[in-house]
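Subject: Structure for your review

Dear colleague,

Please find below the structure that I would like to hand over to you. My findings follow after it.

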Amino acid sequence: MLTKKHFYDSSEINRTTNQDYKESSEEGSVIPLIEGSLRKGCPKPIKTWAQCGVSTKELNILKKLGFEKPTPIQVQAIPAIMSGRDLIGIAKTGSGKTLAFLLPMFRHILDQPPLEETDGPISIIMTPTRELCMQIGKDIKKFTKSLGLHAVCVYGGTGISEQIAELKRGAEIIVCTPGRMIDMLAANGGKVTNLRRVTYIVLDEADRMFDMGFEPQVMRIIDNVRPDRQTVMFSATFPRQMEALARRILHKPIEVQVGGRSVVCKDVEQHVVIIDEDNKFLKLLELLGLYQEHGSIIVFVDKQENADILLKELMKAAYNCLSLHGGIDQFDRDSTIIDFKSGKVKLLIATSVAARGLDVKQLILVVNYDCPNHYEDYVHRCGRTGRAGNKGFAYTFVTPEQSRYAGDIIRAFELASVTVPEPLRNLWDSYKNKQESEGKKVHSGGGFSGKGFKFDENEAAAVNERKKFQKAALGLADSDDEDLEHDIDQQIESMFATKRTVKEIKAPLGLINPAAMGNSHTAIDKLELAKRLASRINLSKNISLDTKFATQQAAESILKGSSSQLPITAKTVAEQLAAKLNTKLNYQPKDDDERNDDDSEQTFRKYEEELEINDFPQQARWRVTSKNKNLSIELGNCVTIVLIFYQHENDNPRI
Ligand SMILES: Nc1ncnc2c1ncn2[C@@H]1O[C@H](COP(=O)(O)OP(=O)(O)OP(=O)(O)O)[C@@H](O)[C@H]1O
């Protein structure tokens, strides 16, 4: 089947010169096309919605949304995509990139024959985070009903069955994170969905997807889509290093760049506060006092635990707030986003999982409570405010110990043509001088590969990439799990921080209640703990390791991608985690023979442990805190735990 991709034909527009366009756009900040691309037949920019061939139905929706005219990225990208070309679109945060790929997508889909019973989608939009996936899904749904189209969001962390049911009903559009999309393609032997009809692919925040090590997943999907597809990529930041990758995916792309390549939006007023760690909280309270009444506020921290700590402190200070990070289960994450976007809660504490794409009306202030550690993260975090022409403010706290990050912030100020504050420059200069006096070379800025300084960083980055890829291959990571490595360590630490006792008890075997006592099999050794941990991690992703492995294998057979998948099982994962624990604890595990010897003795060990249940899956928490007498909870393939609920510390158990 031939696919029509060229929908752009306007003689009126063809008479417009680039000069006309530049004059009508914002202060000459538009670099319409890459050098020479006009010669390659790129269409001229549009000025009105009608000129890009949107239907009356779409015009009505745009009117209802209050979008009077296209934004600078839309004026150039829409006709370029509608002319059938692949495209890289780079424009500042909050400039309307989503609509720039949605409108041509609707036109493209509506020109295709309708879906038949076993057909998969016509368009796939891939995003790096689940939150962004959800948001784009919502933007699409503003149009789909009146256009008679269907869209499904496919992302990890939530039940797969509902998504499967939606897909089976048929959808022209899938918005997804790449990991879950591969699971979905493999589900039920490939009967749930397929890539046969895909002819339009969008990679939103493409640089982030590649940076997070999800290139293999993205490529596995793309390589299995027909080669005459149309592919477009969008982001506010696009480090040069990503270009080679982009060009592998795109066919003779047009590059549309509005404003700088990776620049903080001019509508964001940037501030830096050089401050000691101990004074940060007071400064935050001061900022909240100043800005809270003017709109919503997002406070970025670097780690999940810091988000939780800050949340508690702010709640103590009587602020109604929520936190968002990768350690929170997806159901809670979704409802947090809904409450924050609707303005029900006006203060959000988040890790960088919320840095990209999140579009919240009336968001007035971003506070980088923990200084971001790479340039692109800084640009995207600041870009949560100052959107769609509104004014916003961004404050970044930098402690004297974080002087190494000052170079990136200076770069952000300079690229946005803002005067660099003297204290920030002094901080950077003193850092540079110190490094240079030690004979180390310092570069300022440099995107993902440079973080304001470079020693052996390239090597470190390569190792990091490998680790991320391994985690993805192990099924331990989804595309938004940037905190996962820290998460695993944190979970290991917290497991060993729990209060536990192991008592030796001599008793006849028949008197031992296996539910309440542990024999030497259930006296949990490090391997068992690691297995539980592996199960918990995968439970929180709603998928067991074995299932994950099976789906990955199935994916391999369905997708023709790399066939050299490692034979990884739940056991391998558990053993790897156990080895990690053992190294940490300097523990030498006993081998099986020794354990069997112990079994022959009639001495039993009673194992008691107080567990923090807050990070258990929602269903488990509910069962523990309900008065249900049957409290056996299956936490994985191999461990059953009986929990006793104490309302207060001194109460009798409620079992
Ligand atoms: N033509 C338009 N006129 C007015 N508002 C618009 C227009 N197009 C989009 N918007 C609004 O601008 C806001 C930002 O749009 P969008 O989320 O697409 O930005 P973005 O460029 O993708 O930002 P980011 O890089 O942060 O993801 C949204 O609230 C959107 O509804």
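UniProt positions are given here in the numbering used for this chain, feature names are shortened, and annotations may be inferred rather than shown by experiment. With that in mind, an unreviewed UniProt entry places the feature "short sequence motif: Q motif" at residues 47–75. Please note that the model is predicted.

I then examined one pair of helices. Two packed helices are described by the angle between their axes and the distance between the axes. Helix 3 (residues 56–65) packs against helix 6 (residues 130–147) at an angle of about 145°, and their axes are 10 Å apart. The crossing of helix 3 with helix 6 is right-handed. On the helix 3 side, the contact is formed by Lys57, Glu58, Ile61, Leu62 and Leu65; helix 6 contributes Lys142, Phe143, Ser146 and Leu147. By class, the residues of this contact comprise 5 nonpolar, 1 polar and 3 charged.

Finally, some remarks on confidence. The average pLDDT of the protein chain is 75, and 61% of the residues score at least 70. The model has an ipTM of 0.98 and a pTM of 0.66. Over residues 469–499 the pLDDT stays under 50, although the model has 94 contacts beyond four places in sequence for this stretch. Residues 591–600 also have a pLDDT below 50, with 6 contacts beyond near neighbours in sequence. Where pLDDT is low, the predicted coordinates should not be read in detail.

Yours sincerely

Terms used
Residues are numbered from 1 along each chain as its sequence is written. This is a predicted model: local features need pLDDT of at least 70, side-chain atom pairs count only at pLDDT 80 or more; totals for chains, interfaces and linings use all residues. Side-chain values use heavy atoms; hydrogens and water are left out. Axes are lines fitted to C-alpha atoms, for helices over the stretch in contact, and angles run from 0 to 180 degrees between N-to-C directions. Helices (H or I, at least four residues) and strands (E, at least two) are DSSP runs, numbered from the N terminus. A crossing is left-handed if the near helix is turned anticlockwise from the far one by less than a right angle, and right-handed if clockwise. Contact means heavy atoms within 4.5 Å. Ala, Val, Leu, Ile, Met, Phe, Trp, Tyr, Cys and Pro count as nonpolar, Asp, Glu, Lys and Arg as charged, and the others, Gly among them, as polar. pLDDT is the predictor's confidence in each residue, from 0 to 100.
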